[in-house]
Amino acid sequence: MTWIMAVERPDTPDASLLRRDYYDEVASRWYGRPATVEEIEQGLTDDGADQLRPPTGDFVVGRYEGRPAACGGVLLCAEAPVIDGTAPATAELTRVFVRPFARGTGGGAALLSALEDAARRLGARRIALDTRHDLVEARGLYAKHGYREVAAYSEGPYSERWFAKEL
């Protein structure tokens, strides 16, 4: 079974459907019930995906056995957490998602690697992210791949844990 990761515009048909599935899952978990179409649309409206292309960012789509199955973005940050007393160029990881049918197949690791490569191409020397307490699987994936918890560097209703990694 193989994964293929490729940089893709966030508005292609496959990328758009993956982004919709991402918002469906995170909203459903947040509300503790299936998200409504309106809630998913609200997440997609003005979500900044247009910045996930050079020179400000990039978007990666992963295909498992030829089927669109994962996505994620990197966005260059104006403000970044300080690691070891320095503040090099930082990219933020965002919209990391693997469809349920492909979980447990190595897609999360492959996606993180592709996103880290994209961040390096943009000039980032570190990558950071914020996430929620309830996204336990995501937090485990980040920790397994060398991300460590850092002090809060952003605010928002969905920002509860922060991670960073030197590239």
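In which helix is the place of Glu-39? Glu-39 has its place in helix H2, which spans residues 37–44. Helices (H or I, at least four residues) and strands (E, at least two) are DSSP runs numbered from the N terminus.

The model is a predicted one, in which local features need pLDDT of at least 70 and side-chain atom pairs count only at pLDDT 80 or more, while totals for chains, interfaces and linings use all residues. Residues are numbered from 1 along each chain as its sequence is written, and side-chain values use heavy atoms, with hydrogens and water left out.

Glu-39 is buried, with a relative accessible area of 16%; buried means under 20% relative accessible area, exposed over 50%, and partly exposed in between (1.4 Å probe, protein chains only). Leaving aside residues up to four places away in sequence, Glu-39 touches Tyr-31, Arg-33 and Pro-34, where contact means heavy atoms within 4.5 Å. Gln-42 is also found in H2, but this residue counts as exposed because its relative accessibility is 57%. Between the C-alpha atoms of Gln-42 and Tyr-23, which are 19 residues apart along the chain, the separation is 9.1 Å.

Two packed helices are described by the angle between their axes and the distance between the axes. Helix H1 (residues 13–31) packs against H2 at an angle of about 120 degrees, the axes being 9 Å apart. Axes are lines fitted to C-alpha atoms, for helices over the stretch in contact, and angles run from 0 to 180 degrees between N-to-C directions. The crossing of H1 and H2 is right-handed; a crossing is left-handed if the near helix is turned anticlockwise from the far one by less than a right angle, and right-handed if clockwise. H1 contributes Arg-19, Arg-20, Tyr-23, Asp-24 and Tyr-31 to the contact, and H2 contributes Glu-39, Ile-40, Glu-41, Gly-43 and Leu-44. The residues of this contact divide into four nonpolar, one polar and five charged. In this division Ala, Val, Leu, Ile, Met, Phe, Trp, Tyr, Cys and Pro count as nonpolar, Asp, Glu, Lys and Arg as charged, and the others, Gly among them, as polar.

## The sheet

Strands of a sheet pair through backbone hydrogen bonds, either parallel or antiparallel. Here, seven strands form an open sheet with mixed pairing, in the order E1-E2-E3-E4-E5-E7-E6. Strand E1 (3–7) and strand E6 (148–149) are the edge strands, each pairing on one side only. Two strands pair if DSSP finds at least two bridges between them. Several of the pairings are set out below.

| Strands | Sense | Bridges |
|---|---|---|
| E2 and E3 | antiparallel | eight bridges |
| E3 and E4 | antiparallel | six bridges |
| E4 and E5 | parallel | three bridges |
| E6 and E7 | antiparallel | two bridges |

Individual bridge partners locate these pairings in the sequence. Gly-57 stands opposite Leu-75 in E3. In E4, Thr-94 is the bridge partner of Gly-73, and Ala-91 is that of Leu-76. Thr-90 has Arg-126 of E5 as its bridge partner, and Glu-149 has Phe-163 of E7.

H1 packs on the sheet, touching E2, E3 and E4, and its direction makes about 85 degrees with that of E4. Helix H4 (residues 136–144) also packs on the sheet; H4 touches E4, E5 and E7, and its direction makes about 25 degrees with that of E7. Seven of the 10 residues of E3 are buried, so this strand is largely enclosed by the rest of the structure.

E4, helix H3 (residues 107–121) and E5 make a right-handed β-α-β unit. A crossover is right-handed if, with the strands pointing away from the viewer, the path from the first strand over the helix to the second runs clockwise.

## Local backbone features

The hairpin of E2 and E3 has two residues between the strands, and in this hairpin Glu-65 takes a positive phi near 55 degrees. Glu-65 is found in the loop between E2 and E3 and is partly exposed, with a relative accessible area of 42%. Arg-95 also has a positive phi near 55 degrees, in a residue other than glycine. Arg-95 is found in strand E4, and counts as buried because its relative accessibility is 9%.

The peptide bond from Pro-54 to Pro-55 is cis, with omega near 10 degrees. Pro-55 lies in the loop between H2 and strand E2 (57–64).
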